[in-house]
Amino acid sequence: MVAACFDTAAWVWGALLEPPERHDITRLAGSSSVLNRRCMLHDLRTTPADVVVLGSVTVTTPARTVYDLARSPRGDPYDACRTLIRDFDLDVSAIRFRSESTGSFPGSRIASQRLRALVTE
């Protein structure tokens, strides 16, 4: 089983108006997936609390989506993050705390900087 994540999750949650050119999905624990050139597979360390089923689509939660967008090397995540934070009344300090308590991972430094900037807004 897979779940939508990063920009795809932001689009599902309504934080982006247009679908991304390439969709991002993550493999959930114990599953495998076949991809095509329109999907990017990520092996994220997710927990059951990081995903929900929205209709028939498994997607990362709004909070997890902010966390993932903040560490993404692609583009400027601020507008999508602000939309998710506003629309779902998210606690950015809690997302930042989680980001910094998970240790070192790809994008952790930029995530910390971006989440710090969002907290101070």
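**Aromatic pair and helix contact**

Modeller: In this predicted model, the count of aromatic pairs comes to one. Its members are Trp13 and Phe88, whose ring centres are 5.2 Å apart and whose planes stand at 80° to each other. The angle is over 60°, so the pair is classed as edge-to-face. The two residues belong to distant parts of the chain, 75 residues apart. Trp13 sits in the loop between α1 (6–12) and β2 (23–27), while Phe88 sits in the loop between α3 (78–87) and α4. Trp13 has a relative accessibility of 16%, which is under 20%, so Trp13 counts as buried. Phe88 has a relative accessible area of 32% and is therefore partly exposed.

Helix α4 covers residues 92–101 and helix α5 covers residues 108–119; their axes come within 9 Å and cross at roughly 165°. Because that angle is over 145°, α4 is roughly antiparallel to α5. The crossing of α4 with α5 is left-handed.

On the α4 side, the contact is made by Val92, Ser93, Ile95, Arg96, Ser99 and Glu100. These meet Ala111, Ser112, Leu115, Arg116, Leu118 and Val119 of α5. Sorted by type, the residues of this contact between α4 and α5 are six nonpolar, three polar and three charged.

Methods:
Residues numbered from 1 in each chain as written. Predicted model: local features only at pLDDT ≥ 70, side-chain atom pairs only at ≥ 80, totals over all residues. Heavy atoms only, no water. Axes fitted to C-alpha atoms, helices over the stretch in contact; angles between N-to-C directions. Helix = DSSP H or I, 4+ residues; strand = E, 2+ residues; numbered from the N terminus. Parallel < 35°, antiparallel > 145°, perpendicular 65-115°, else oblique. Left-handed = near helix turned anticlockwise from the far one by under 90°. Contact = heavy atoms within 4.5 Å. Nonpolar A, V, L, I, M, F, W, Y, C, P; charged D, E, K, R; others polar. Phe/Tyr/Trp six-rings, centres within 6.5 Å; stacked < 30°, edge-to-face > 60°. Buried < 20%, exposed > 50% of the residue type's maximum accessible area, 1.4 Å probe, protein only.
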